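Subject: A structure to look through

Dear colleague,

I am handing over a structure that I would like you to read with the sequence beside it. My notes on what was found follow below it.

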Amino acid sequence: MILRPRKESITTQKEILKTTQGLVFKVGGITLDGTQFDAGIVPAGTPVTVADGAKAVPFEAPADGAALAGIPYVTTHDVKVETGADTIVGAFEEAYFDKNKVELSDAFITAAGGRYKLR
């Protein structure tokens, strides 16, 4: 018996993939660093960077001539982030994205080394 029912709003995510051909998922997903993301919904298609053994942080383009500190990934689905709490989310290793539904910068595409394509 539920004495204190709760209500949560549910969002539906947009389809960000152009095709599933050539799609590769990162096994085990990634952990978003709760201190680096605002509380609320982190949408599918968010570009992040994961340094070796660290948590995912929002992607920031490296300065000219500097190497990227980590591996770039794109989140697979919407996820709710609580203040200060780390959250696990799926990630794409490689994918073809719909350029009208996802915002990936040229710097991100370049840093990813051709793993992600906009169509």
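Ala51 counts as partly exposed, at 28% relative accessibility, where buried means under 20% relative accessible area, exposed means over 50%, and partly exposed lies in between (1.4 Å probe, protein chains only). Ala51 lies in the loop between β4 and β5, and, leaving aside its neighbours within four places in sequence, Ala51 is in contact with Ala69 and Gly70, contact meaning heavy atoms within 4.5 Å. Ala51 and Ile41 are ten residues apart in sequence, and their C-alpha atoms are 23 Å apart in space.

Before going on, please keep in mind that this is a predicted model, in which local features need pLDDT of at least 70 and side-chain atom pairs count only at pLDDT 80 or more, while totals for chains, interfaces and linings use all residues. Residues are numbered from 1 along each chain as its sequence is written, and side-chain values use heavy atoms, with hydrogens and water left out.

Thr49 has its place in strand β4, and at 5% relative accessibility Thr49 counts as buried. Not counting residues up to four places away in sequence, Thr49 touches a list of residues that includes Lys55, Val57, Phe59, Leu68 and Ile71.

As for the chain as a whole, its secondary structure comes to one helix and ten strands, where helices (H or I, at least four residues) and strands (E, at least two) are DSSP runs, numbered from the N terminus. From the N terminus on, the elements run β-β-β-β-β-β-β-β-β-α-β. Of the 119 residues of the chain, 33% count as buried, and the C-alpha trace spans about 60 × 30 × 25 Å along its principal axes. Among contacts between residues at least 6 apart in sequence, 60% join residues at least 24 apart.

Which strands pair with β9? Strand β1 (residues 17-25) pairs with β9 in the antiparallel sense over four bridges, two strands being paired if DSSP finds at least two bridges between them. Thr19 has Tyr96 as its bridge partner in β9. β6 and β9 also pair in the antiparallel sense, over two bridges, and the partner of Val74 in β9 is Phe92. Strand β10 (residues 116-118), by contrast, runs parallel to β9 and is joined to β9 by three bridges, with Leu118 in β10 as the bridge partner of Phe97.

A nonpolar core is a set of buried Ala, Val, Leu, Ile, Met, Phe, Trp, Tyr and Cys residues joined through side-chain atoms within 4.5 Å. Of the 25 residues in the largest such core, Ile30, Leu32, Phe92, Phe97 and Tyr116 touch the most other members. The strands β2 (30-32), β4 (47-50), β6, β7 (79-81) and β9 (91-97) each supply at least two residues of this core, and the largest share, four residues, comes from β9. Leaving aside its neighbours within four places in sequence, Leu32 is in contact with several residues, among them Phe37, Val48, Val79 and Val89.

A search of the whole structure finds five aromatic pairs. Rings of Phe, Tyr and Trp (its six-membered ring) pair if their centres lie within 6.5 Å, and planes under 30 degrees apart count as stacked, over 60 as edge-to-face and the rest as tilted. The rings of Phe59 and Phe108 have their centres 5.0 Å apart and their planes at 85°, so this pair is edge-to-face. The pair links distant parts of the chain, since Phe59 is in the loop between β5 (56-58) and β6 (71-75) and Phe108 is in helix α1 (residues 106-111), 49 residues apart. Phe59 is buried, with a relative accessible area of 15%, and Phe108 is buried with 0%. Phe108 also forms a stacked pair with Tyr116, 5.6 Å centre to centre and with 25° between the planes; Tyr116 is buried, at 1%. Ring pairs link Phe25, Phe59, Phe92, Phe97, Phe108 and Tyr116 into a cluster.

Two charges sit over rings, which requires NZ of Lys or CZ of Arg within 6 Å of the ring centre and within 35 degrees of the ring normal. Arg115 lies over the face of Tyr73, at 5.4 Å from the ring centre, and Lys117 lies over the face of Tyr96, at 5.4 Å from the ring centre.

With best wishes
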